[in-house]
Number of protein chains: 2
Amino acid sequence: MARERNKGPGTLAIFAGGGRIPLQVANAADSFGRTLFILGMDEVTDPSLKKWPYASLKWGEVGRLLKLLKSNSCTEIVLIGNVQRPHIKDLKFDFGAFAKIPRILSALVGGDGDVLNAVVKSFEELGVKVIGAHEVAPELCLTEKALGKNKPDRQARKDIEKGLNVARTIGGLDVGQSVIVESGRIVAVEAAEGTDEMIARSATLRLGKNHGRSGVLVKVPKPGQDLRVDMPTIGVATIEGLANAGFAGVAVERGHTLVAEKDALRAAADKAGLFVTTLPPAD
Amino acid sequence: MARERNKGPGTLAIFAGGGRIPLQVANAADSFGRTLFILGMDEVTDPSLKKWPYASLKWGEVGRLLKLLKSNSCTEIVLIGNVQRPHIKDLKFDFGAFAKIPRILSALVGGDGDVLNAVVKSFEELGVKVIGAHEVAPELCLTEKALGKNKPDRQARKDIEKGLNVARTIGGLDVGQSVIVESGRIVAVEAAEGTDEMIARSATLRLGKNHGRSGVLVKVPKPGQDLRVDMPTIGVATIEGLANAGFAGVAVERGHTLVAEKDALRAAADKAGLFVTTLPPAD
């Protein structure tokens, strides 16, 4: 699954949410000669990203964001990393936001997919193209059939199949990307809480029928999801969470999953005795 | 929706899980002249139920359960109240269980619906008919169009519609009965954790867009679910949980929902400013 690396002209903006992936994306783009401009949020974004030209944004600073993109000659933007949707009372709109308020408000009344679509549209109206992290850093895409030495056993393979069916169904309703299945039983379904939190809360729900590790995480794109802005992501924290909760492994879609640190993830999975396996994409 | 009260012959066994409903069911059956035999579990079952002939069971005591039903001339059994599926290491099967082990094990590898179906089949092979709590205590069924004085506003009605669609879809996959929707966004989906726990964990996920109460719980039967053994239930605890988390109300299926203490639930909803509304059943 060879992908062409995007080396497009002009400055590449990276809107960097939480987690380890944004730094990896910036490093990759930098090493291939892109000029970068980072937009971060205090207490969310990895401070290592401040080695590039950097601006700190608050929720609601829509006008400032658009001005910064213009004044830094940004032609493209990558949106990457975890962002929790804000509580409405934490939103303080700046003056420039007012022109966008109708769209912002209508997006906020809707699922996460609706919000992301509205964000993409707003950037593109400004002439800033939204591109996927995997387009500037294809090496972060999980294209291997598996990572590490462990393999799902028969029950885990059945659980993966069941989880895939449930995950794609709930994804089609814009609910979430992840489910946990153990011995044929749906243990947890991700909605607004995010994958790490879903794994943590599932620890006490695991029944442990195999007297060892049991239960799998299945995380796949929502059908029709815009992979530029919401590609499923797993990382070392995912593996550690699954390991702590007693689960057996994780299954994701081949070519449609971002991994921040592939070697570290493989090592963590091998050390904990977990499998990391990939499934063919839906289409 | 008039229902005929079951006054069947012989002793009525009640397998009483946790919560307030089992006592209400027993009281109703008793007041209509049924002879009762209660099967409870320590630290789960309301001790008030010990005023009737009572036996305490442990997980895995299948042989003892069947013997008790026979020696007490039970012709019917009601399974009612919350039961958490046990961790496999807490299961100690008694001698009488061995004949049933193949079915028990095959049920344990499966969803909660599969388990309940296997349990029903085991009782009926023994000549003990499984009946619904609503058949011995029809007054516990919520047949009103609403309880209390509060009504869903326009956004809440839209959230109910969306929640109903998601709940019936996930119910069809034997995932769970409940979802929470706020301003068009799926906040949480219930799987193995149970409704109260899902409500509690959703408190921090609520975005509070209306600067007041927002977000609804929708709880409906899984399509094709055996209503004798898994009728959706709400109670005062549900209302209190929703109130503490800031949600606006709850929607359930008319005629397909059990309420332990209707008056107390109505009072709790009115006090907290929550609505309790019912929807026409799917079929």
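Which residues of chains A and B are linked in a network of salt bridges? They are E193(A), R201(A), E193(B) and R201(B).

## Basis

This is a predicted model, in which local features need pLDDT of at least 70 and side-chain atom pairs count only at pLDDT 80 or more, while totals for chains, interfaces and linings use all residues. Residues are numbered from 1 along each chain as its sequence is written, chains are lettered from A and ligands numbered from 1 in the order in which they are written, and side-chain values use heavy atoms, with hydrogens and water left out.

## Salt bridges

Over all chains there are 22 salt bridges (a side-chain nitrogen of Lys or Arg within 4 Å of a carboxyl oxygen of Asp or Glu). One of them joins E76(B) to R34(B), with an N to O distance of 2.7 Å. E76(B) belongs to strand β4 (residues 74–80) of chain B and R34(B) to the loop between α1 (21–31) and β2 (36–40), so the pair ties together parts 42 residues apart in sequence. Helices (H or I, at least four residues) and strands (E, at least two) are DSSP runs, numbered from the N terminus. E76(B) is buried, at a relative accessible area of 6%, and R34(B) is buried with a value of 6%. Buried means under 20% relative accessible area, exposed over 50%, and partly exposed in between (1.4 Å probe, protein chains only).

R228(B) takes part in a salt bridge with E124(B), where the closest N and O atoms are 3.2 Å apart. That pair links helix α4 (residues 112–125) of chain B, which holds E124(B), with helix α8 (residues 227–230) of chain B, which holds R228(B), 104 residues apart. E124(B) is partly exposed at 36%, and R228(B) is partly exposed at 25%. R228(B) also forms a salt bridge with D226(B), at 2.8 Å between the closest N and O atoms.

## Nonpolar core

The largest nonpolar core has 40 residues (buried Ala, Val, Leu, Ile, Met, Phe, Trp, Tyr and Cys residues joined through side-chain atoms within 4.5 Å). V175, V179 and V189 of chain A and V175, V179 and V189 of chain B touch the most other members. Leaving aside neighbours within four places in sequence, V175(B) has contacts (heavy atoms within 4.5 Å) with V166(A), I186(A) and V189(A), and with I170(B), E190(B), A191(B) and K222(B).

## Helix packing

Helices α9 (residues 236–245) and α10 (residues 262–272) of chain A pack at about 10 degrees, with axes 9 Å apart. This makes α9(A) roughly parallel to α10(A) (angles under 35 degrees). V236(A), I239(A) and A243(A) of α9(A) meet A264(A), L265(A), A268(A), A269(A) and A272(A) of α10(A).

Definitions and conventions
Axes fitted to C-alpha atoms, helices over the stretch in contact; angles between N-to-C directions. Parallel < 35°, antiparallel > 145°, perpendicular 65-115°, else oblique.
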